[in-house]
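Biologist: I would like to learn how to read the helices in a model. Please take me through one case, feature by feature.

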Amino acid sequence: MGKDPAQGTAPPAESLDSIPAPTGAANLIDTDYVIGQDNIKGRFLFNLDIHGKVFTISALLSVLFVVLTLALQSEVEPLFTALRNWLTSNLAWFFLGSANIFVLLCVGLILSPLGRVRIGGKEATPDYSYSGWFAMLFAAGMGIGLMFYGVAEPMSHYSSALGGTSVENGVRTDWAPLGAAAGDAEAAASLSMAATIFHWGLHPWAIYAIVALSLALFSFNKGLPLSIRSIFYPLLGERVWGWPGHIIDILAVLATLFGLATSLGIGAQQASAGLEYLFGIESNDTSMVLLVVGITAIALLSVMAGLDKGSSACRKSTWCWRRCCWCSSSRSARPWRSSPASSATWAATWSTCRRCPTRSAAKTPTSARAGPPSTGPGGSAGRRSSACSSPGSAAAAACASSSSRYCWCPRWCRCCG
């Protein structure tokens, strides 16, 4: 691993192609490789910029896998079932242990001096607000899985744990976590929540964090391409630009593709079932294929729009959806009917929410919505409802006493009105 000749001075952004140069003093890796030198570039319906070998081999393997699986369903199903059973029976210890190691590694990084390393350079500032960042994290990191399994997973674990274990030919065939809890409802409930928290708590986020930090460090601090192969530069050196690096990226592409396909299939099943329940649209293969095509098209447009536009749309839609759900549940539940003393407060809060689009341009105080240093001391450009500024009004009383004191729906959001 070498150092940039001008150590301590960030190179111009043009030298790193599409990767922003570090801000402030930097210790770049000295390599003869130029980002994008092996890429195929062109202009068709959109800007094409792909790695020839990695894309071609990954695409061919993916298409071959799909074609063979669809053409030989009865033959490959026993193979996949046997492979899954072998993996879960013989390598469960490896999965559990690896996840625990990732958590310990993250804790170690936080507590050690390495936790003070700033991604993007010593003088870098955040590009996105906390709300936008968290929206991107949950939309990309959890998304469909959390919506689908949020209730189904603990209930499934509870049922399987309560039923006990079952063994055939020396292999467990049940889905109960750990040793199950046959006939013990309380222990089964504890096991089900423990397994669910393991899947959706610190462990998955630790895995995401290690991969993300590795990519960000070698790309935004060291000047290497934003690909998995760059993480292995300290081990492989310049060989990462050859076939060892190609194989690493191909495996990363296939793993990502199959993971996304799983989430997409789960989401299509859930959406199809919801459409059938609400509108009577039959849930079948055709409806799910159409949903997959539609969702894929939206995702493709988001990717083509770039991170800034795509993340902005993600942030806005996530926030708008949350406000819609909150306002709809508040309106439908009508909690003020149960207590005459709270009628004015709840009615005024709902009224305030409905008036979000007509608010003035006052700033949201940092105490109400603190942002990172890049957003400045005033936080984001939220607006206080005009109803809150009317002295003596019920809305003003609600603003003074409730968590809805400052309502900062974006100007483009009309869902509350």
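Modeller: Start with the terms. Helices (H or I, at least four residues) and strands (E, at least two) are DSSP runs, numbered from the N terminus. Here the chain has 12 helices and 4 strands. This is a predicted model, so local features need pLDDT of at least 70 and side-chain atom pairs count only at pLDDT 80 or more, while totals for chains, interfaces and linings use all residues. Residues are numbered from 1 along each chain as its sequence is written, and side-chain values use heavy atoms, with hydrogens and water left out.

Biologist: Where in α5 does the kink lie?

Modeller: A bend at a residue is the angle between axes fitted to the seven residues ending there and the seven starting there. In α5 the kink lies at G150, about 50°, shortly before the proline P154. After the helix comes G164, with a positive phi near 85°.

Biologist: Which residues of α5 are buried?

Modeller: Buried means under 20% relative accessible area, exposed over 50%, partly exposed in between (1.4 Å probe, protein chains only). In α5, the buried residues are G145, E153, P154, H157, S160 and A161. Their cover includes α6 (185-200). Across the 417 residues of the chain, 30% count as buried.

Biologist: At what angle do the axes of α5 and α9 cross?

Modeller: Axes are lines fitted to C-alpha atoms, for helices over the stretch in contact, and angles run from 0 to 180 degrees between N-to-C directions. Contact means heavy atoms within 4.5 Å. The axes of α5 and α9 (residues 243-279) come within 9 Å and cross at roughly 60°. Angles under 35 degrees count as roughly parallel, over 145 as roughly antiparallel, 65 to 115 as roughly perpendicular and the rest as oblique. The pair α5 and α9 is therefore oblique.

Biologist: Which residues make that contact?

Modeller: From α5 come I144, M147, F148 and Y149; from α9 come S263, L264, I266, G267 and Q270.

Biologist: Is G267 buried or exposed?

Modeller: G267 sits in α9. It is buried, at 8% relative accessible area. G267 and M147 lie 120 residues apart in sequence, yet 8.5 Å apart in space, C-alpha to C-alpha.
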